[in-house]
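Thanks for asking me to look this one over.

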Amino acid sequence: MVKKGKKSAEGMNSKLALVMKSGKAVLGYKSTLKSLRQGKSKLVFIASNTLPLKKSEIEYYCMLGKVEVHHYTGDNNELGRACGKMHAVSSLSVLDVGDSDILASTA
Amino acid sequence: MVRFIKPGRVVIVLSGRNAGKKAVVVKCYDEGSKDRPFAHCLVAGVKKAPLFITPKMHEKKQERRTRVGAFVKYVNYQHILPTRYVVSGDIDFKGVVTDEKMGSVKQRKELRKELRNMMTKKYTSQATVKKGEKAGSLHTKFLFSKLRF
């Protein structure tokens with residue numbers, strides 16, 4: 001649990017890039033909630049500047065679905081960039097991890 | 001990772017006439033159905049929460065105020081907010097609320113009445129809950145309390 005602080009943002013970014021390439025993820029608040037409801041989500045990222053109400057809502061769903069939430073150190077623009085997209089991403093749900101070890105490191 | 005919209009889950013309805021009302025999931029259609037090709041569930045909800053009563057009140061008045069107004073509805077998953085509360089042991093809901101009964105308007109009306117009686121009974125029987133069941137009663141208490149917003 002304490003490991004989170006030691007991990008750098010760079011590490012997380014590269015892991016996220018690997019997930020994008022080899023695995024499957026959905027971007028966006030609506031899709032994230034949908035994937036959480038369906039039980040398909042493995043890990044959820046929330047950008048730092050997400051609206052507090054939305055943030056709480058996603059966290060609550062994650063709590064119900066026993067899915068881990070990662071509070072991304074960076075705002076939605078950075079999270080979008082980390083995903084390789086030209087747009088901002090406030091919340092992102094990883095469905096299939098692919099080759100990345102992202103789950104193991106955040107667990 | 002865990003599917004949490006399951007029968008028994010207390011849920012808050014977000015849109016429509018019953019927005020802001022609490023309900024219990026009776027049946028889930030995760031894959032949708034022929035009429036409703038989207039993920040939805042059948043909920044039985046509390047349309048009108050019971051009001052407080054005092055011993056000074058007339059018995060008839062008390063009875064009126066402890067009435068629970070019920071509703072049944074098919075709701076899209078998008079329009080409900082699941083909570084951490086679960087009303088277990090409500091298999092009676094499943095037996096009472098069926099798709100056939102939801103078929104016609106007249107049957108729905110009777111269904112609502114039946115539900116109303118069931119819910120009122122459940123609400124009033126809370127007072128006689130034993131010490132061991134304390135945890136469960138918290139959840140039913142949540143269901144029958146009005147969500148203030």
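The points below go through the helices and the sheet, with the record's domains alongside.

1. A word on the ground rules. This is a predicted model, with local features needing pLDDT of at least 70 and side-chain atom pairs counting only at pLDDT 80 or more, while totals for chains, interfaces and linings use all residues. Residues are numbered from 1 along each chain as its sequence is written, chains are lettered from A and ligands numbered from 1 in the order in which they are written, and side-chain values use heavy atoms, leaving out hydrogens and water.

2. Helices here are DSSP runs of H or I with at least four residues, and strands are runs of E with at least two, numbered from the N terminus. Axes are lines fitted to C-alpha atoms, for helices over the stretch in contact, and angles run from 0 to 180 degrees between N-to-C directions.

3. Which residues make this contact? H3(A) contributes Tyr29(A), Thr32(A), Leu33(A), Leu36(A) and Arg37(A), and H4(A) contributes Lys54(A), Glu57(A), Ile58(A), Tyr61(A) and Cys62(A) (contact means heavy atoms within 4.5 Å). They divide into six nonpolar, one polar and three charged.

4. For chain A, UniProt places "domain: Ribosomal protein eL8/eL30/eS12/Gadd45" (unreviewed entry) at residues 12-103. The end C-alpha atoms of that span lie 11 Å apart, and it is 48% helix and 20% strand.

5. Chain B has an open sheet of five strands in the order E4-E3-E2-E1-E5, with antiparallel pairing (two strands pair if DSSP finds at least two bridges between them). Strand E4 (69-76) and strand E5 (80-86) of chain B each have a single partner strand, so one side of each is left without a neighbour in the sheet. Neighbouring strands are turned by 35° against each other on average, direction ignored.

6. Within this chain, E2 (residues 22-29) and E3 (residues 40-48) of chain B pair over six bridges in the antiparallel sense. Tyr29(B) has His40(B) in E3(B) as its bridge partner.

7. Helix H3 (residues 105-124) of chain B lies across E3 and E4 of chain B and runs at about 120° to E4(B).

8. The UniProt annotation "domain: KOW" (unreviewed entry) covers residues 4-31 of chain B. This span is 0% helix and 46% strand, and its end C-alpha atoms lie 15 Å apart.

Notes
Nonpolar A, V, L, I, M, F, W, Y, C, P; charged D, E, K, R; others polar. UniProt positions renumbered as here; feature names shortened; annotations may be inferred.
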